[in-house]
There are 2 protein chains.
Amino acid sequence: MSGQPRHIQHGSRAAVAPGLADVSIGPATKFARLPDPFHFWRGGTLNDGVVAYETWGELNDARDNAILLFTGLSPSAHAASSSADPSPGWWEKMVGAGKAIDTDRYFVVCVNSLGSCFGSSGPASVDPATGLAYRLDFPDLSIEDIARGGYETIRALGIERLSAVIGASLGGMAVLAFATQFAGVARRVVSISGSPAAMPYAIALRSTQRDAILTDPDWQDGQYAGDVRPVTGMRIARKLGTLTYRSAAEWKHRFGRRPASDRRYEALPPGRAHFPAEFAIQDYLNLQADKFVSSFDPNCYLYLSRAIDRFDLAAHGGSAKAAIERARAEKALVIGVESDILFTINEQRAIADAFEAAGAETEFVPLASLEGHDAFLVDIEPFAAAIGRFLAPD
Amino acid sequence: MSGQPRHIQHGSRAAVAPGLADVSIGPATKFARLPDPFHFWRGGTLNDGVVAYETWGELNDARDNAILLFTGLSPSAHAASSSADPSPGWWEKMVGAGKAIDTDRYFVVCVNSLGSCFGSSGPASVDPATGLAYRLDFPDLSIEDIARGGYETIRALGIERLSAVIGASLGGMAVLAFATQFAGVARRVVSISGSPAAMPYAIALRSTQRDAILTDPDWQDGQYAGDVRPVTGMRIARKLGTLTYRSAAEWKHRFGRRPASDRRYEALPPGRAHFPAEFAIQDYLNLQADKFVSSFDPNCYLYLSRAIDRFDLAAHGGSAKAAIERARAEKALVIGVESDILFTINEQRAIADAFEAAGAETEFVPLASLEGHDAFLVDIEPFAAAIGRFLAPD
């Protein structure tokens, strides 16, 4: 690695095979070219790989005010609006001028995960060697590769050291993989609702989601094309995902036993119409399923979901603690949610303990939010308070 | 109702259409004929209806030592072994001579829920009017009907008053519906991990299970026949069910991140083989799915699952509290499990509070078991201790 910024593509993107991931890449999206070939952590290589990203704020002359942001499983790199793309981003309330991740002070880079379908190379993009989508020929994906995708992006931008690396959920795992693989690159680490290694309950939840897609005849062993996609399996997967992202307490308060109002079942075949949605919570699940099916590629989902299950920070040095010791982070902020059943509060505590043991100045913030795993997306204030405080000038 | 025992069929059963529910009915199974026609709580009638049941112990001359036992969603009436059927029952450690539900002292009657597929009339049984399976022509099923099925069974046995009515999970709801509908019939009530009304999180979990079956093309709008059954949907439903019956803490302890050992994926088509089971927890889910698919009828499952969601004790008098006041129970034992995400500990507390307010001598036993909703099946000792104490001679 020369330290010189590599050529950066602008206005280009990883080609997406028609019918695979019919999603729009926003006008603010830029693309970093990966080293050619790009070597995957579990073996396999990729040619002409790219990572899609967006940026906010300005890199200063000292090039020391950059923050790298990793996303959860399903978002794009569009974390927040900008003049180039004024549509609201997935973390609109967190990232911006004067906000907790303050783009007046920081140069913020958010990457679309390698393996996803919002511009970065993944199973839905076209293999330049064949002109066909990779589909299941895309190499085995690991959280380590997603972390490296972020690293190559900042290197391509001429950044050698980060003021902070931040991520939640899958992005929280990516943060740990980043800090461990690229020791000393991130001065500060913010890990939100992540995990050093998925627990069996979370693996059961995710693998059942994958099963729903894998057993949908329309998945066609990954070779679906045109309009025929595993919509049924994706819908079940998203409903189950939605269940794991929120909490019973929130839904009790929000939906109770209110009746359904969506009447679409009236158009269903007679058998289906016999079992209509009867409660508002079922309408909500149907809506979440609708949104997801129209925006996410099934093979990409399978790759990313499996990467979460397989991640084990202990692979780097024998234990999660040893791995985090390698990171040489100066400061760490670890935030978790007590009602999170997917990435439990105990896992957050273990991450915080490991940073503490590694000598980082560590703050652990367990939140009593009702919102479960997705609290960082919907119950923003306590997260923003902790992150804003952590990122304030030393 | 004359008070005279009605004729009881022995050695007969509700005919089951071939290929619908190919399950064995044990040799100890007896059948009570329902009033003809049997009127369902939400409307609709059934002719020639039967309820399958088993008994243990002897009804005393005073006919006052009977206990009626309702099951969860999936078991048969075979709660325990007997000389007529020595195979172990689903509550073998709880029901028997000298056990907590002591068959030396009590005459125990366990009923297969109306609507189920282990001998009682349900969607899989044959409509005598047509000679064909009811399938979706079976009337809308409610927990109230399941409770009435139990009531008609004890009436057919010449029992007017019960020493106790006991049930867990769906059976816990049936216990509440029984006590409310047949005021004063049960002197004592034991409600285990039941609910006065399902909460939205539990509805979301169950309705997603039903969706998996309803959207399986092999469900064929309920008209599946022969060997083609919605196996894929049933497998997803059972995996998701298994997730809700146990707890994250149990699985962390039991499975951790141990690798899978089941190699069946090696025989899968190439696409599926790309995503094999990798962790022991996935083998476990596959095993649970295997067992369920071979033993339970999909339409019966849909009916019973939906009945749980729709149950609302408040329909009887305006509130759960008013409903339980009607029951005129002398004593109540309410047991719940703190790690239960399906029928939460708060719901158990609400049931106990309602019995207490109704003037019943009430004992509330919140258990710290790791086993979640299914604790009553696997972590027997604390349940047996509480039930044994409660049923001991006054």
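Visitor: Why is B:R328 called partly exposed?

Guide: B:R328 has 17 other C-beta atoms within 10 Å. A residue is buried with 20 or more such atoms and exposed with 12 or fewer, so a count in between is called partly exposed. The count comes from a predicted model.

Visitor: Where is B:R328 found, and what stands out about its phi?

Guide: B:R328 is in the loop between α9 and β14 (331–337) of chain B. Its phi is near 55 degrees, a positive value in a residue other than glycine.

Visitor: What is the phi of B:S169, and how do you know whether B:S169 is buried or exposed?

Guide: Phi of B:S169 is near 65 degrees, again a positive value in a residue other than glycine. B:S169 has 26 C-beta neighbours inside 10 Å. The cut-off for buried is 20 or more, so B:S169 counts as buried. Its place is the loop between β12 and α2 of chain B.

Visitor: What makes α2(B) largely enclosed by the rest of the structure?

Guide: The reason is that 11 of the 12 residues of α2(B) are buried. Among them are B:L170, B:M173, B:F178 and B:T180. The cover over the buried residues includes α1 (143–156), β12 (164–168), α8 (298–310) and α9 (320–327) of chain B.

Visitor: How does helix α1 of chain A compare with the span it should have?

Guide: Helix α1 (residues 143–156) of chain A has 14 residues, which should span 20 Å at 1.5 Å a residue. The end C-alpha atoms are 20 Å apart, so the two values agree. Also, 14 of the 14 residues of α1(A) are buried, so this helix is largely enclosed by the rest of the structure. After α1(A) comes A:G158, with a positive phi near 80 degrees.

Visitor: What makes the peptide bond from A:D36 to A:P37 cis?

Guide: Its omega is near 0 degrees, and the bond is cis. A:P37 is in the loop between β2 (30–33) and β3 (38–39) of chain A. In chain B, the peptide bond from B:D36 to B:P37 is also cis, with omega near 0 degrees.

Visitor: How do you know whether chain A agrees with a compact globule?

Guide: A compact globule with 394 residues would have a radius of gyration near 21 Å. Chain A has 20 Å, which agrees. Of the 394 residues of chain A, 58% count as buried. The C-alpha trace of chain A spans about 65 × 50 × 45 Å along its principal axes.

Visitor: How is chain A divided into domains?

Guide: Domain 1 is 8–199 + 311–391, and domain 2 is 201–303. Their C-alpha centres lie 26 Å apart. The contact takes 26 residues from domain 1 of chain A and 21 residues from domain 2 of chain A.

Visitor: What relates chain A to chain B?

Guide: A rotation of 180 degrees with 0.0 Å of shift along its axis superposes chain A on chain B, with an RMSD of 0.0 Å. That is the relation of a two-fold axis. The same surface serves both copies, since 100% of the contact residues of chain A recur in chain B.

Visitor: How many residues does each chain give to the contact, and which element of chain A has the largest share?

Guide: The contact takes 46 residues from chain A and 46 residues from chain B. On the side of chain A that touches chain B, the largest share is 11 residues, from α3(A). By class, that side has 25 nonpolar, 10 polar and 11 charged residues.

Conventions:
Residues are numbered from 1 along each chain as its sequence is written. Chains are lettered from A and ligands numbered from 1 in the order in which they are written. This is a predicted model: local features need pLDDT of at least 70, side-chain atom pairs count only at pLDDT 80 or more; totals for chains, interfaces and linings use all residues. Two residues are in contact if their C-beta atoms, placed from the backbone, lie within 7 Å. Helices (H or I, at least four residues) and strands (E, at least two) are DSSP runs, numbered from the N terminus. Ala, Val, Leu, Ile, Met, Phe, Trp, Tyr, Cys and Pro count as nonpolar, Asp, Glu, Lys and Arg as charged, and the others, Gly among them, as polar. Domain bounds come from an automatic or database domain assignment. The expected span of a helix is 1.5 Å times one less than its number of residues. Copies are superposed by least squares on the C-alpha atoms of residues with pLDDT of at least 70 in both. The radius of gyration is taken over C-alpha atoms; the globule rule is 2.2 Å times the number of residues to the power 0.38.
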